[in-house]
Amino acid sequence: MRRRVVVTGLGFVTPIGNDAVSVWTSLMEGRSGTRILTRIDTTDLPSRVAGEVKEFEAERFLPPKEARRTDRFIQFAVVAAMQALQAARLELTPAVAERTAVVIGSALGGVETFEAGVETLQARGPARVSPFLIPMFLADMAAGYVAILTGARGPNFATLSACASGANAIGEAARMIREERADIALAGGSEAPLTRTVIAGFAALQALSRRNDEPETASRPFDRTRDGFVIAEGAAVLVLESEDYARQRGAPILAEVLGYGTTADAYHIVQPCVDGSGAVAAMKSALDDAGLMTRDIDYINAHGTSTPLNDTVETAAIKQLFGSRQAVPPVSSTKALTGHLLGAAGALEAAICVLALQHQMIPPTWHLREPDPECDLDYVPNQPRAASLRYVMTNAFGFGGHNAVLILGQYPN
């Protein structure tokens, strides 16, 4: 029998709340985290809607000097990781830290710092560029900084697979624990992409919603009127442990990581493969890894970005895997409220699935008012649904054709 991997702690920094209670309450009550962006000048940007983290205080976990020397995506990761450790009631003593991994994904890394560095170079010359520029924007620095602060000395790296990064981080961390390369892992994703260059770039791809007059409902997964995703920032970190270690120390076990599948479309730099074959393969791989059948899945947390192409392709892929529309369990996209956290999205949605298992409740797809005929599954529209949840699946797909799927289960099961 293979080593079992359990979830013992969750940490959140999100547009809909900075702790588990706030996040779950927002999901149940439909409290949107998308607004007109205030961090930057959006006057000339075609899309001015974003999911912005509010009431965030990095200084609670970092000394003021360190806060000034770290990018926002690093700060988010640190706060989420510390929160997750506290929830897990886990102290990383030197002996424990030797067997603790840190894997935190990000699609863009410290893009805010990089953009500011370019502006400094152009306006004031190379002598005024900060010596902290490079370590502040490298995408691996979220994982590196968390390890420095906690003393975790096990495997440490970042996963960079666009919007699949956070899910890949959790999957790879779970594999390491299964294979006894670590006993504990801090795994998740972090992103702080709310800059003029990033928003202008995604807008140029026609990927972002331009519903600036309705910012709170601009993200409309599976709705006929959807016009693009709403970019967002934040982080989510999970504490993963081997079952034996968690039980030995009396940890609060929240769920179990049962399956992980990851594939490539090998098709296009930004578009999902139109036949959904890469997504189907990733979902099937996760099921095989978990030793489950499609009929065992009680809920799917979809990638569900609110872009016209993604939502129809993902719907078709799910139906292809499950064999028919009637065989598909309830599906929902929580991006309707959170927006799309890019490299942190898969981690946030995995953490949300843990909450769903705990509460035995499916978070709905909010803002779904006009169903798209091509999106014809049960998307749990606009109202939470009590359900008997034993096994749940969460999908994360990214530019470049990256696919990552996780299956989480109730513990014990």
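Buried here means under 20% relative accessible area. The model on the screen is a predicted one.

I'll start with strand 6, residues 184-191. In this strand, 8 of 8 residues are buried. Ile184, Leu186, Gly188 and Ser190 point one way, while Ala185, Ala187, Gly189 and Glu191 point the other way. In a regular strand, side chains alternate between the two faces of the sheet. Here the residues on both sides of strand 6 are buried, Glu191 included.

Now the neighbours of that strand. Strand 4, residues 100-105, pairs with strand 6 in the parallel sense, over 6 bridges. Within that pairing, isoleucine 104 has glycine 188 as its bridge partner. Strand 7, residues 234-242, is joined to strand 6 by 8 bridges, and these two run antiparallel. Leucine 186 is opposite valine 239 of strand 7.

Stepping back, these strands belong to an open sheet of 10 strands, in the order 5-4-6-7-1-8-14-13-9-10, and the pairing is mixed. At the edges are strand 5 and strand 10, each of which pairs on one side only. Further along the order, strand 8 (residues 255-264) and strand 14 (residues 402-409) are antiparallel, with 8 bridges between them. Glycine 261 faces valine 405 of strand 14 there. Helix 12, residues 308-322, lies across strand 9, strand 10 and strand 13, and it runs at about 135° to strand 13.

Next, the cysteine. Which residue carries the "active site" feature in UniProt? The record, an unreviewed entry, places it at Cys163. Cysteine 163 sits in the loop between strand 5 and helix 8. Is cysteine 163 buried or exposed? Its relative accessible area is 10%, so cysteine 163 counts as buried. Leaving aside residues up to four places away in sequence, cysteine 163 touches His303, His340, Leu342, Gly343, Gly346, Ala396, Phe397 and Gly398.

Last, a pair of helices. Helix 1 (residues 20-29) packs against helix 14 (residues 345-359) at an angle of about 80°, with the axes 11 Å apart. The two helices are therefore roughly perpendicular to each other. On the helix 1 side, the contact is made by Ala20, Val23, Trp24 and Leu27. Helix 14 contributes Ile352, Leu355, Ala356 and His359. Sorted by class, that contact has 7 nonpolar residues, 1 polar and no charged ones.

Key: Residues are numbered from 1 along each chain as its sequence is written. This is a predicted model: local features need pLDDT of at least 70, side-chain atom pairs count only at pLDDT 80 or more; totals for chains, interfaces and linings use all residues. Side-chain values use heavy atoms; hydrogens and water are left out. Buried means under 20% relative accessible area, exposed over 50%, partly exposed in between (1.4 Å probe, protein chains only). Helices (H or I, at least four residues) and strands (E, at least two) are DSSP runs, numbered from the N terminus. Two strands pair if DSSP finds at least two bridges between them. Axes are lines fitted to C-alpha atoms, for helices over the stretch in contact, and angles run from 0 to 180 degrees between N-to-C directions. Angles under 35 degrees count as roughly parallel, over 145 as roughly antiparallel, 65 to 115 as roughly perpendicular and the rest as oblique. Contact means heavy atoms within 4.5 Å. Ala, Val, Leu, Ile, Met, Phe, Trp, Tyr, Cys and Pro count as nonpolar, Asp, Glu, Lys and Arg as charged, and the others, Gly among them, as polar. UniProt positions are given in the numbering used here, feature names are shortened, and annotations may be inferred rather than shown by experiment.
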